[in-house]
Amino acid sequence: MRLGVLDVGSNTVHFLVVDAHPGAAPLPAYSHKAELRLAELLDEGGGISEPGVAKLIDMVASSLRVAEDKGVVDILPFATSAIREAGNGEEVLGRVAAETGVELQVLSGQDEARLTFLAVRRWFGWSSGRLLNLDIGGGSLEIACGLDEQPDAACSLPLGAGRLTGRWLPGEIADPERLRELRRHIRAEMATVVGEVSRLGPPDHAVATSKTFKQLARMTGAAPADAGPYADRRLTRSGLSAWLPRLSGMTVAERAQIPGVSEGRAKQLLAGALVADAAMDLFGLDELDICPWALREGIILRRLDAMGSSADRRSQALTI
């Protein structure tokens with residue numbers, strides 16, 4: 001069957017069309033996305049502004065047209081921290097539903113961590129042992145660790161690259177004092193969950209997901225996107241540490257010239273690098289493997305699992 005996943009994130013609204021059935025890997029068929037950066041389109045009260053809501057509704061409507069054109073039979077619509085934490089989140093959800101008919105499901109931070117962990121487990125398999133996964137979004141950082149498909153620890157922290165950039169690094173070039181304050185803030189916030197994860201024991205395999213980690217890995221020498229999803233990509237602590245002083249002194253325009261860094265994400269790159277550096281330091285990680293699957297794939301896999309369970313029950317009933 002052909003499924004569509006509508007992902008309303010803090011940076012990007014992404015409608016991904018996939019061909020999928022239970023027991024098989026979902027295959028991407030078409031991608032439709034726009035960098036709305038909803039986390040930055042806030043009014044003085046902390047709500048998503050009217051221009052932001054209008055852009056979101058337009059994007060959802062255009063995704064429905066894509067779904068019709070591409071033969072999508074079911075749409076899985078969800079939203080993350082941008083809507084979850086907006087002061088007018090319920091109003092925005094109502095507007096989207098009223099004007100498009102799409103009811104967005106708002107995921108909690110822990111739900112994000114668990115579903116992303118499921119995707120990572122399926123990608124790397126059981127031979128990875130105890131997995132630790134890190135995901136830097138626009139609004140939040142998700143951390144999950146465990147031996148099974150459901151993590152034993154799943155945490156979400158307000159350490160998204162977009163959120164931190166807007167609050168701490170709004171200019172074209174970072175102020176050194178604000179940069180030091182941000183570094184302290186990130187590490188103090190992250191330290192609140194290190195014990196919860198570390199008590200499970202050291203991971204056998206440390207993994208990272210999200211666009212931020214992919215760009216940091218590419219910046220430090222990983223294969224480009226056109227090498228395909230099966231290329232071996234990783235981010236090393238030494239490589240990231242070597243780049244941090246350079247990033248700190250660059251303008252946004254200069255960051256956008258780094259291979260693999262998109263113009264829309266260049267402003268957030270420094271904050272994302274600080275979060276990644278803190279996580280690798282506090283969790284004692286020398287390197288992170290980059291996983292091409294993340295939250296969207298986790299949601300698809302969960303839906304396919306439910307479909308497979310129903311089919312299994314019907315099959316058993318017919319053979320008894």
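The lining of the second largest pocket comprises six nonpolar, six polar and four charged residues. The model on the screen is a predicted one.

**First stop: the pocket**

Select L38, A39, E40, L42 and R163; of the 16 residues that line the second largest pocket, these lie nearest its centre.

Which helix gives the most to the lining? It is α5, with four residues.

**Second stop: the sheet**

Now display the six strands that form an open sheet, in the order β8-β7-β6-β9-β11-β10, with mixed pairing. Select β8 (153-157) and β10 (234-236) at the edges: each has a single partner strand, so one side of each is left without a neighbour in the sheet. On average, neighbouring strands of this sheet are turned by 20 degrees against each other, direction ignored.

Strands of a sheet pair through backbone hydrogen bonds, either parallel or antiparallel. For an antiparallel example, select β6 (residues 131-136) and β7 (residues 141-146), which pair over six bridges. Within this pair, locate I136, whose bridge partner in β7 is L141.

**Last stop: a helix on the sheet**

Finally, select helix α4 (residues 109-124), which packs on the sheet. Which strands does α4 touch? They are β6, β7, β8, β9 (205-209) and β11 (287-290). Viewed against β7, the direction of α4 makes an angle of about 55 degrees.

Notes:
Residues are numbered from 1 along each chain as its sequence is written. This is a predicted model: local features need pLDDT of at least 70, side-chain atom pairs count only at pLDDT 80 or more; totals for chains, interfaces and linings use all residues. Side-chain values use heavy atoms; hydrogens and water are left out. Two strands pair if DSSP finds at least two bridges between them. Helices (H or I, at least four residues) and strands (E, at least two) are DSSP runs, numbered from the N terminus. Axes are lines fitted to C-alpha atoms, for helices over the stretch in contact, and angles run from 0 to 180 degrees between N-to-C directions. Contact means heavy atoms within 4.5 Å. On a 1 Å grid over the protein atoms alone, a cavity is a set of points where a 1.4 Å probe fits but cannot get out, and a pocket is an open set with protein on both sides within 12 Å along at least five of seven lines; lining residues have an atom within 4 Å of a point. Ala, Val, Leu, Ile, Met, Phe, Trp, Tyr, Cys and Pro count as nonpolar, Asp, Glu, Lys and Arg as charged, and the others, Gly among them, as polar.
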